[in-house]
Amino acid sequence: MNSERGAAAERGAAALAHISAGVRQWDVWCAALSPRVINLAPAPGVWSVKQNTCHLADAFEATSMRLAAVLSEDEPTLLSFDADEWAADREYHSRPWHAAIARLHEQLGRLMATAEPLSESQLSRAGHQHNIAVNILGFPDDRLSALDLLEFEAAHVDEHSASVRKIIDEFGER
């Protein structure tokens, strides 16, 4: 992009920088964790560090797929999934840690490759996804732009980072 980017491009770049910084922080936090802490589910229905890591990788994959749909179709219905069902179906709990963290980085790379080159007009393209738009973001309808998807993903990284940080603070070795 040129140096005279528009507001949407600036916001998109900020969201991507935030996502990347979040994953770098994730790496720092998790680098010295024992397998016990990585695999610890602190309460029923609360995901472990590893499960959060797997989920975030899947979320990056879903966002990349949603962006691809928005860029290639007019007003598509975007991929929807139930996070708990994916966690069970994809057996997050049984994946090795090295595979979970490698997949997080792989999917981050795919998301960046898809999103970094987006132009102002591409960031305004939209699709429809009720759960994110209405239930999570509180929009009046189910329409989400590519920029909305990136900003949602940045907030999503924060949400799961807070969950991981809480596990580390409560159960990590001191």
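How do α3 and α5 run relative to each other? They are roughly parallel (an angle under 35 degrees, where over 145 counts as roughly antiparallel, 65 to 115 as roughly perpendicular and the rest as oblique). Before going further, keep in mind that this is a predicted model, in which local features need pLDDT of at least 70, side-chain atom pairs count only at pLDDT 80 or more, and totals for chains, interfaces and linings use all residues. Residues are numbered from 1 along each chain as its sequence is written, and side-chain values use heavy atoms, with hydrogens and water left out.

Let's start with the whole chain. The protein chain has eight helices and two strands, where helices are DSSP runs of H or I with at least four residues and strands are runs of E with at least two, numbered from the N terminus. Read from the N terminus, the order is α-α-α-α-α-α-β-α-β-α. The radius of gyration, taken over C-alpha atoms, is 17 Å, close to the 16 Å that the globule rule (2.2 Å times the number of residues to the power 0.38) gives for 174 residues, so the chain is as compact as a globular protein of that length. Its C-alpha trace spans about 50 × 35 × 25 Å along the principal axes. Of the 174 residues, 45% count as buried, meaning under 20% relative accessible area with a 1.4 Å probe and protein chains only; exposed is over 50%, and partly exposed lies in between. As for contacts (heavy atoms within 4.5 Å), among those between residues at least 6 apart in sequence, 73% join residues at least 24 apart.

Now back to the helix pair from the opening. Two packed helices are described by the angle between their axes and the distance between the axes. Here the axes are lines fitted to C-alpha atoms over the stretch in contact, and angles run from 0 to 180 degrees between N-to-C directions. For α3 (residues 49-72) and α5 (residues 97-115), the axes come within 8 Å and cross at roughly 25°. The crossing is left-handed, that is, the near helix is turned anticlockwise from the far one by less than a right angle (clockwise would be right-handed). On the α3 side the contact includes Val49, Leu56, Phe60 and Leu67, and on the α5 side Trp97, Ile101, Leu104 and Leu111 are among the partners. The contact residues divide into 13 nonpolar, five polar and five charged. Nonpolar covers Ala, Val, Leu, Ile, Met, Phe, Trp, Tyr, Cys and Pro, charged covers Asp, Glu, Lys and Arg, and the others, Gly among them, are polar.

Helix α5 also packs against α1 (residues 7-30), with axes that come within 11 Å and cross at roughly 165°. That pair is therefore roughly antiparallel, and its crossing is left-handed. Leu16, Ile19, Val23 and Trp26 are among the α1 residues involved, and they meet α5 residues including Trp97, Leu104, Leu108 and Met112.

Glutamate 10 lies in helix α1 and is partly exposed at 38% relative accessible area. Glutamate 10 and glutamate 120 are 110 residues apart in sequence, yet 9.0 Å apart in space, C-alpha to C-alpha. Glutamate 75, in the loop between α3 and α4 (83-89), has a positive phi near 50° without being a glycine, and is partly exposed at 36%. Glutamate 91 sits in the loop between α4 and α5, with a positive phi of about 50° and a relative accessible area of 44%, partly exposed.
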